[in-house]
Amino acid sequence: MISKRHFLQASLSAAALVGASGFGNWGRLAAQQRLSQSDLLDQPTTGNVTLIHITDIHAQTQPIWFREPEINLGVGDAQGKPPHVSGAAFRDMFGIAQGSALDYALTYDDVVALGQTYGKICGLDRIATVVKHIKGDREDAIVLDGGDTWQGPLPALRTNGADMVRLFNALGTDAMTSHWEFTLGIDRVTEIVENELNFPFLGANIFDATWDEPAYESTQMFERGGTKVAVIGQAFPYLPIANPSHMFPDLSFGVRQERIQQVVNDARAAGAECVVLLSHNGFDVDRKVAQNVTGIDVILTGHTHDAIPEPVQVGDTFLIASGSHGKFVSRVDLDIRDGGMQGIEHRLIPIFSDVIAPDPEMAALVEDTRAPFKDEMAEVLGQTEDMLYRRGNFNGTWDDLICKALLQEREADIALSPGFRWGASVMPGQDITREDVFNATAMSYPNAYRSEMTGEMLHLILEDVADNLFNPDPYYQQGGDMVRVGGMGYRIDISQPQGSRITDMTLLKTGEAIAADKSYVVSGWASVNEGTEGPPIWDVVEAYIRNQGTVSVPENTTIAVVAG
Amino acid sequence: MKLTRRATILAAMGTAFVAVLPMRATAAADAAIADFTGGAAPGANGITLTAPEIAENGNTVPIEVSAPGATEIRVYAAGNPTPDVATFLFGPLAAAQMASTRIRLAGTQHVVAVAKMADGSFAEVRQEVKVTIGGCGG
């Protein structure tokens with residue numbers, strides 16, 4: 001067990017701790033093909049309360065490939081701090097050996113080769129094994145889901161999230177918060193929360209827009225280990241801006257820092273000795289919350305899909321980042337007594353699907369949810385020469401492929417694809433199945449529009465999205481990555497203010513500069529506007545892949561980035 | 001693509017206003033504030049403004065101002081063509097010197113609240129409220 005004082009004394013103490021608990025040996029053990037489930041899961045149980053954190057699984061129940069970002073730039077106070085570190089710098093910061101199991105799980109640069117050694121990652125049946133193992137150590141461990149659970153692959157799309165609700169009930173979840181859940185529409189969310197969900201759906205910052213009153217429960221109190229732990233839910237603050245507000249017209253969100261402080265104070269007054277914020281704010285927003293709000297012991301972060309192998313301490317608050325897509329589960333042991341949290345021990349457990357045995361009950365349930373769609377999902381559409389992935393601030397090959405499909409199938413000059421951070425990767429030289437396409441595109445507003453926009457408007461859109469990503473104040477950021485662009489190149493200087501970041505916009509097919517007053521044919525998808533028309537994006541992508549047979553998505557060199 | 005395009009054009013116009021107007025509009029707000037304070041430099045304590053960092057809808061942005069002991073609070077939208085938004089007067093029997101309303105913002109700009117205290121001094125608070133096109137969240 002580490003006390004807070006130990007954390008304060010030495011910045012390396014956390015690294016030393018995880019090293020001592022077995023992390024450092026994984027690479028060697030795996031290379032010798034001796035990495036075992038007990039290497040990943042066995043550890044002394046400490047303190048008196050255990051939290052299990054899963055977040056941003058995006059309905060991904062299957063073992064998958066997942067490439068971490070190469071470019072993940074931080075601005076303002078976050079520059080160069082986790083999670084804005086990648087590749088070799090990430091290995092150096094956390095003492096991870098190149099070629100080790102953790103290197104494979106946490107960095108991007110050798111993912112194709114290391115994938116052959118370590119195999120696929122994720123799998124909800126493996127996660128169930130981990131949860132059961134931890135509950136074997138501490139029966140009343142609290143299972144917390146950070147949200148973005150009901151949106152994703154084809155079965156979740158077709159069942160309006162019913163598959164994931166069923167599976168997370170079976171997992172023994174104790175509470176959740178939300179973001180993409182609301183893109184199912186408010187009626188479906190209400191139906192699930194009232195009739196299908198076995199646990200609280202928390203959101204301290206979700207308000208009725210008309211009456212300015214809380215719309216959902218803020219807090220769930222847990223009595224565990226002779227103490228009281230308050231779990232406060234914080235939904236994604238910018239849902240009505242980042243996603244279609246017409247799908248949940250009467251709700252208002254926002255960071256609402258004063259509201260967080262108020263519910264923390266209420267929880268303390270109600271006897272909580274430990275306060276946990278189950279958050280979908282995004283990591284940089286949570287860092288600022290930790291600086292400004294007093295009385296939060298632990299923030300279980302979400303939304304920005306970061307995985308960090310150690311807690312990040314801000315004042316007296318510890319931030320935990322547990323990745324996405326079921327790639328990791330965080331185990332957090334807390335020592336709570338004498339009126340407060342005295343110690344915290346954390347382990348980020350990578351879900352190596354070849355090492356952790358599937359839980360038979362969960363495996364059967366998952367199989368059951370997939371059975372009606374199995375043949376449809378398995379259909380091979382073509383092959384890919386290059387790895388298809390999405391994560392990264394400016395481009396990913398999945399979106400480059402989607403933009404190519406939009407340019408060709410919709411006969412456009414320029415294509416736009418949103419900077420989502422969800423979607424599994426596909427290894428080079430492999431088949432692309434329909435399931436793969438839905439993994440990267442399935443959502444409830446998929447229409448691929450075709451429109452005309454002036455150069456001025458295109459510049460405005462790029463500037464707007466860039467400020468959502470690179471505003472130096474995290475409360476003005478929305479998470480997500482830069483909008484992906486096909487058919488047009490540009491230069492971005494992230495240090496400039498809004499309106500001055502984007503220059504040198506060039507139409508690639510002619511090599512000419514984009515003219516402010518000229519109109520261009522633009523195709524894109526995932527518009528937040530009601531009544532957008534066009535075929536669903538997965539049909540556009542499928543048609544393109546079938547026409548190509550084998551797709552090639554070489555490195556994107558059309559965006560010049562100035563940073564630092 | 002009727003709606004997509006039209007909505008984007010409208011959003012574009014909103015921001016274009018800001019691009020064109022800020023100097024003049026900010027000057028208009030500064031002049032209005034100076035007129036209210038009689039040129040006195042306002043203090044920074046004793047007044048709070050609660051507003052969203054990013055507006056969910058620029059046409060109706062909820063704000064709340066509070067200044068215990070104030071006799072009058074004025075609210076300005078520094079980037080609007082007409083920056084004067086609201087004046088709240090508090091009589092001696094007012095239980096609390098606070099007010100909330102919804103305002104319309106032409107684009108990203110500062111919302112400014114200035115309170116006149118009972119002793120004749122002034123306090124000012126300002127916050128940037130971003131008005132964005134939206135979309136593309138992860």
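Trainee: Hi! In which order do the elements of chain B run from the N terminus on?
Mentor: Hello! In this predicted model, chain B goes α-α-β-β-β-β-β-β-β from its N terminus. That makes two helices and seven strands.

Trainee: And what share of chain B is buried?
Mentor: Of the 138 residues in chain B, 44% are buried.

Trainee: What pLDDT does chain B average?
Mentor: The average for chain B is 83, and 79% of the residues score at least 70. Take care with residues 1-23 of chain B, though, where pLDDT stays under 50. The model has 38 contacts beyond four places in sequence for that stretch.

Trainee: What ipTM and pTM does the model score?
Mentor: ipTM is 0.86 and pTM is 0.92.

Trainee: Switching to chain A: what is the strand order in its open sheet of four strands?
Mentor: The order is 18-23-16-19, and the pairing is mixed.

Trainee: Which of those are edge strands?
Mentor: Strand 18 (449-454) and strand 19 (484-486) of chain A, each of which pairs on one side only. On average, neighbouring strands of this sheet are turned by 30° against each other, direction ignored.

Trainee: In what sense do strand 16 and strand 23 of chain A pair?
Mentor: They are parallel, with three bridges between residues 414-417 and residues 519-524 of chain A. For example, Ala415(A) has Ser523(A) as its bridge partner in strand 23.

Trainee: Which strands does helix 17 of chain A lie across?
Mentor: Helix 17 (residues 397-409) lies across strand 16, strand 19 and strand 23 of chain A, at about 40° to strand 19.

Trainee: What about helix 19 of chain A?
Mentor: Helix 19 (residues 455-470) lies across strand 16, strand 18 and strand 23 of chain A, running at about 105° to strand 18.

Notes
Residues are numbered from 1 along each chain as its sequence is written. Chains are lettered from A and ligands numbered from 1 in the order in which they are written. This is a predicted model: local features need pLDDT of at least 70, side-chain atom pairs count only at pLDDT 80 or more; totals for chains, interfaces and linings use all residues. A residue is buried if 20 or more other C-beta atoms lie within 10 Å of its own, exposed if 12 or fewer, and partly exposed in between; C-beta atoms are placed from the backbone. pLDDT is the predictor's confidence in each residue, from 0 to 100. Two residues are in contact if their C-beta atoms, placed from the backbone, lie within 7 Å. Two strands pair if DSSP finds at least two bridges between them. Axes are lines fitted to C-alpha atoms, for helices over the stretch in contact, and angles run from 0 to 180 degrees between N-to-C directions.
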